[in-house]
Amino acid sequence: MHKLFFTEFKWNYLFMNFLTCFEISILFSRAKIRLRYGLIVLFYELSGSMAREWTGIQLFPLATQTKLLELLGDLKTKERTSLTILVMGKGGVGKSSTINSILGERAVSVSAFQSDVPRPVMVSRSWSGFTLNIIDTPGIVEGGYVNDQALDLIKRFLLNKTIDVLLYVDRLDAYRVDNLDKQIVKAITESFGKEIWSKGMVVLTHAQLTPPDCLSYDDFFGKRSEALLKVVESGGRLKKSGIQGNTIPVVLVENSSRCNKNDSDEKVLPNGTAWIPNIVEVITKVATNESQSILVDQKLIDGPNANDRGKPFIPLILAFQYFFVVKQVQKWIKDDIAKAPKSSWE
């Protein structure tokens, strides 16, 4: 009798232990555990986000001013009274310096001892009824890995903002791409959807260089661009035909004071391109292409609902548990009871 009791207890214990483990696994599969910055400011608004007059445009050489005003006029004729640009990439690649160069003023603090802004910053400038918003962001790589906390902070800063153009910034003088580049592009894609790349362009800084291996400047630029676009295609889950049909533009930038100048006193690249009017022109083309701008709403920030993940499979799992586990355990218990020796008094 005692043996029968302990045998039945053993199987009941194993059965209940299995159910407990199964229930715990279901709970964990439905819960999305994420590290966030938490107590760091969730909705951080800077005083600099209020649009100030774009006085820096008057500091450009006359030829650059003329081109920029022409581009702004084209946007206004297309009924665009504002433009919001998101700047992203690794730390120390020149994101903040590029923003300052485009605006023609020191709008974002740049220091040799600090490679990035500590949190997202939106700089707004207005000129003749047009408002230009540029959002600088901290680098999204830390310790050789994508920093999910930085991405989360960026997304929350962008809540309810519409992104017209994404500048993905890297360096021209980085001679190769690796898996980290792919992970960065993948992280941006997962954060904002692959549609963000239809509003994207690649910006390569440190463009005042002498190419290695006796390559011409244009050949080196072409090879570097091709390598990065392949990474964007792969990490952004873009079809190859989509890249070819609607090529993501790649532009060159040289922010340092050693940048060469032409006869009109404009900063020019080694290939002779006046790069500030060129990058602004490409930005306007991307902003006004056929693709929709990206609205960063709460749904985009939260991502897929973890509670919905795997729901269609729950009935199948329960059915499998009942017919192949519960039934089998019950059979084992009955067999154990049947095989147990009866006491002399039974």
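The model is predicted: local features need pLDDT of at least 70 and side-chain atom pairs count only at pLDDT 80 or more, while totals for chains, interfaces and linings use all residues. Residues are numbered from 1 along each chain as its sequence is written, and side-chain values use heavy atoms, with hydrogens and water left out. Helices (H or I, at least four residues) and strands (E, at least two) are DSSP runs, numbered from the N terminus. Buried means under 20% relative accessible area, exposed over 50%, and partly exposed in between (1.4 Å probe, protein chains only).

**Strand β2 and its partners**

- Strand β2, residues 82-89, is mostly covered, with seven of its eight residues buried.
- Five bridges join β2 to strand β4 (residues 130-136) in the parallel sense; strands count as paired if DSSP finds at least two bridges between them.
- Strand β8 (residues 165-171) also pairs with β2 in the parallel sense, over five bridges.
- Isoleucine 85 has isoleucine 134 as its bridge partner in β4 and valine 165 as its bridge partner in β8.

**Helix α3**

- Eight of the nine residues of helix α3 (residues 95-103) are buried, among them Lys95, Asn100 and Leu103.
- These buried residues pack against β2, β3 (121-127), β4, β8, β9 (200-205) and α8 (275-287).
- Glycine 104, which follows α3, has a positive phi, near 75°.

**The largest nonpolar core**

- A nonpolar core is a set of buried Ala, Val, Leu, Ile, Met, Phe, Trp, Tyr and Cys residues joined through side-chain atoms within 4.5 Å.
- The largest such core has 76 residues, of which Ile188, Met201 and Ile279 touch the most other members.
- Helix α8 supplies the largest share of this core, eight residues.
- Beyond its neighbours within four places in sequence, isoleucine 188 is in contact (heavy atoms within 4.5 Å) with residues including Met88, Leu166, Tyr168 and Trp197.

**Two buried glutamates**

- Glutamate 266 lies in the loop between β10 (250-252) and α8, and the loop between β10 and α8 also holds glutamate 254.
- Glutamate 266 is buried without a salt bridge, and the nearest side chain of opposite charge, lysine 67, is 9.5 Å away; Lys and Arg count as positive and Asp and Glu as negative, while His and the chain ends are not counted.
- A salt bridge is a side-chain nitrogen of Lys or Arg within 4 Å of a carboxyl oxygen of Asp or Glu.
- The side chain of glutamate 266 makes a polar contact with that of threonine 64, at 2.8 Å.
- A polar contact is a pair of N or O atoms within 3.5 Å; within protein, one must be able to donate a hydrogen and the other to accept it, and residues adjacent in sequence count only if both atoms are side-chain atoms.
- Glutamate 254 is likewise buried with no salt bridge, the nearest side chain of opposite charge being arginine 258, 4.2 Å away.
- The side chain of glutamate 254 reaches the backbone nitrogen of alanine 207 at 3.1 Å and that of glutamine 208 at 2.8 Å.

**Salt bridges**

- The whole structure contains twelve salt bridges.
- Lysine 90 and aspartate 170 meet in a salt bridge (4.0 Å, N to O).
- This pair links distant parts of the chain, with lysine 90 in the loop between β2 and α3 and aspartate 170 in strand β8, 80 residues apart.
- Aspartate 170 counts as buried because its relative accessibility is 3%.
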